[in-house]
Amino acid sequence: MTATEVFESVTNGGASDFVAVVEVLNKHSRWCLVGGLAVNCYVEPVFTTDADIIVASSALPEIQKELAVAGFDVTPHEHSVNAQMKGSELRIQFTIDPRYQAFLSETETQSVLGVDVPVASLSNIVRGKVWAWSDPKRRLSKRKKDELDLIRIGERYPELRTLMPSQITDQLENL
């Protein structure tokens with residue numbers, strides 16, 4: 001089995017859902033993947049059932065409508081708009097924090113779950129992970145996952161440690 005087939009099986013259709021979302025997004029303005037799936041493009045992958053996505057903020061209302069028509073449950077939250085197909089384990093999260101809009105101008109194409117998608121630059125992924133890790137309102141388990149992602153990146157790309165807080169880089173220096 002391929003990694004995409006395993007993901008499809010484990011998430012009850014998550015890879016197919018991801019392809020459906022990509023098809024909708026590709027009809028609109030710029031977008032890019034951030035978060036754990038994006039980190040997996042640059043370092044040894046770990047399993048995640050979230051797809052964190054940035055879209056041009058002006059396009060999000062139309063994207064929400066199209067996803068709802070395609071069968072996704074679309075739910076607005078304080079910091080995101082989430083979409084999920086009934087029965088699927090894949091959670092699509094559109095980040096609405098305006099700081100992330102700048103990420104759209106610096107992407108590269110990567111293969112994710114069997115489809116080519118724009119992925120935020122690694123330096124921007126680090127910035128986003130630092131923002132998420134630093135957010136005291138975020139659940140501890142999520143912040144620890146962000147910390148692990150930063151450590152994984154710092155191990156593989158020591159030149160990016162300058163973008164990370166000392167609480168992260170101090171752990172890397174002790175290796």
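## A tour from one buried aspartate

Start by selecting Asp146: its relative accessible area is 2%, so Asp146 counts as buried. Keep in mind as you click around that this is a predicted model.

**Stop 1: the partner of Asp146.** The side chains of Asp146 and Arg138 form a salt bridge, with 2.8 Å from N to O. Is Arg138 buried or partly exposed? Arg138 is partly exposed, at 28% relative accessible area. This pair belongs to a network: select Lys129, Arg138, Lys145, Asp146, Asp149 and Arg152 together, and you have the residues that salt bridges with shared partners join into one network. As background, side chains of opposite charge can pair when their charged atoms come close.

Stop 2: Pick out Asp149 and Lys129. Their side chains meet in a salt bridge at 2.7 Å, N to O. Asp149 sits in helix 6 and Lys129 in helix 5, so this pair ties together parts that are 20 residues apart in sequence. Both Asp149 and Lys129 are buried.

**Stop 3: helix 5.** How many of the 13 residues of helix 5 are buried? The count is 10, so helix 5 is largely enclosed by the rest of the structure. Among the buried ones are Leu122, Ile125, Val126, Val130 and Trp133. To see what they pack against, show helix 3 (36–40), strand 7 (115–120), helix 6 (140–156) and helix 7 (166–173).

**Stop 4: a link elsewhere in the chain.** Next, select Glu66 and Lys27. Here the side chains make a salt bridge of 3.3 Å, N to O. Glu66 lies in helix 4 (residues 60–69), while Lys27 is in the loop between helix 2 (14–25) and strand 1 (31–34), so the pair ties together parts 39 residues apart in sequence. Lys27 has 60% relative accessibility, so Lys27 counts as exposed. In total, the structure holds 10 salt bridges.

**Stop 5: a nonpolar patch.** Switch to a surface view and colour Met1, Val6, Val10 and Phe47. Together these residues make a nonpolar surface patch of about 450 Å². Val6 is found in helix 1, which covers residues 3–10. With 37% relative accessibility, Val6 counts as partly exposed.

**Stop 6: zoom out.** Go back to a cartoon view of the protein. There are 7 helices and 7 strands, and along the sequence they follow the pattern α-α-β-α-β-α-β-β-β-β-β-α-α-α. The C-alpha atoms fill a box of roughly 50 × 40 × 30 Å along the principal axes. What radius of gyration does the protein have? The value is 16 Å, which agrees with the figure near 16 Å for a compact globule of 175 residues.

If your viewer can colour by accessibility, 49% of the 175 residues count as buried. The accessible surface comes to about 9,000 Å², and 52% of that belongs to carbon and sulfur atoms. Finally, look at contacts between residues at least 6 apart in sequence: 57% of them join residues at least 24 apart.

Notes
Residues are numbered from 1 along each chain as its sequence is written. This is a predicted model: local features need pLDDT of at least 70, side-chain atom pairs count only at pLDDT 80 or more; totals for chains, interfaces and linings use all residues. Side-chain values use heavy atoms; hydrogens and water are left out. Patches are made of residues with over 30% relative accessible area and no salt bridge: like charges are joined within 9 Å, nonpolar side chains (Val, Leu, Ile, Met, Phe, Trp, Tyr) within 5 Å. Accessible areas come from the Shrake-Rupley method with a 1.4 Å probe; for residues, only the protein chains shown count as cover. A salt bridge is a side-chain nitrogen of Lys or Arg within 4 Å of a carboxyl oxygen of Asp or Glu. Helices (H or I, at least four residues) and strands (E, at least two) are DSSP runs, numbered from the N terminus. Buried means under 20% relative accessible area, exposed over 50%, partly exposed in between (1.4 Å probe, protein chains only). The radius of gyration is taken over C-alpha atoms; the globule rule is 2.2 Å times the number of residues to the power 0.38. Contact means heavy atoms within 4.5 Å.
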